[in-house]
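The following paragraphs go through one protein model, beginning with a single residue and ending with the whole chain. Please keep the coordinates open while reading.

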Amino acid sequence: MAITGRRAVREYAAQAVEEKSLRALIDAAVHAPSAANEQPWTFTVVRDQGVLDRISRKAKSHMLATPQPEHFRAHLIDPDFHIFYHAPALILISASAQGPWIVEDCALAAENLMLAAYAVGLGSCWIGFAQSFLNTPDGKNELDLPAAWVPVAPIIVGYPKAAPYPVSRNEPEIRWVG
């Protein structure tokens, strides 16, 4: 089952992901529910490794300019650490409209995309290290995004080098009312 099998993938083969496959993932994403059926999402696909390298460097510098937990800093100061893990593609889901639930709507689209990726043998990972930088004027400029867009979900996609190990899940805390 895709929901229980999907994992964050951080090691990718160099093999490019075909445009047809990327379009299929985006098609799955747009089938997500959205508040009032607004469908505020847009998709920016980046396959240029030079662009991804540049954003990785700038995002690391951006994050290091603010206080970070020590385990984050250790990664961010490592010149060999690439925030996109050298994945062959990045799909950035942004909101193109303003509204109270645009982040939630884009997150639902992202989950659909990641589940669809797993279902066809691709790996994916939401890259939180990219989010704050991509929401800056410089970050938006790197991808030629309109100023009004709100980048929400930077998702890397590619063919996994190996299947990630399962991770344990905590027992859910459930409160029953009524």
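Leaving aside residues up to four places away in sequence, alanine 89 touches Leu22, Val46, Arg47, Ile155, Ile156 and Val157, where a contact means heavy atoms within 4.5 Å. The model is predicted: local features need pLDDT of at least 70, side-chain atom pairs count only at pLDDT 80 or more, and totals for chains, interfaces and linings use all residues. Residues are numbered from 1 along each chain as its sequence is written, and side-chain values use heavy atoms, with hydrogens and water left out.

Alanine 89 lies in strand E2, which covers residues 89-95. Helices (H or I, at least four residues) and strands (E, at least two) are DSSP runs, numbered from the N terminus. With a relative accessibility of 1%, alanine 89 is buried; buried stands for under 20% relative accessible area, exposed for over 50%, and partly exposed for values in between (1.4 Å probe, protein chains only). Asparagine 170 is 81 residues from alanine 89 along the chain, and their C-alpha atoms are 31 Å apart.

A second residue to look at is glutamate 142, part of helix H7 (residues 137-142). Is glutamate 142 buried or exposed? Its relative accessible area is 15%, so glutamate 142 counts as buried. Its side chain makes a polar contact of 2.6 Å with the side chain of arginine 54. A polar contact is a pair of N or O atoms within 3.5 Å; within protein, one must be able to donate a hydrogen and the other to accept it, and residues adjacent in sequence count only if both atoms are side-chain atoms. Not counting residues up to four places away in sequence, glutamate 142 touches Arg54, Ile55, Lys58 and Phe133.

Now the chain as a whole. The protein chain contains seven helices and four strands, in the sequence order α-α-β-α-α-β-α-β-α-α-β. Its radius of gyration is 17 Å, close to the 16 Å given by the globule rule for 178 residues, so the chain is as compact as a globular protein of that length. That radius is taken over C-alpha atoms, and the rule is 2.2 Å times the number of residues to the power 0.38. Along its principal axes, the C-alpha trace spans about 50 × 40 × 40 Å.

Of the 178 residues in the protein chain, 40% are buried. Among contacts with a separation of 6 or more, 81% are between residues 24 or more positions apart.
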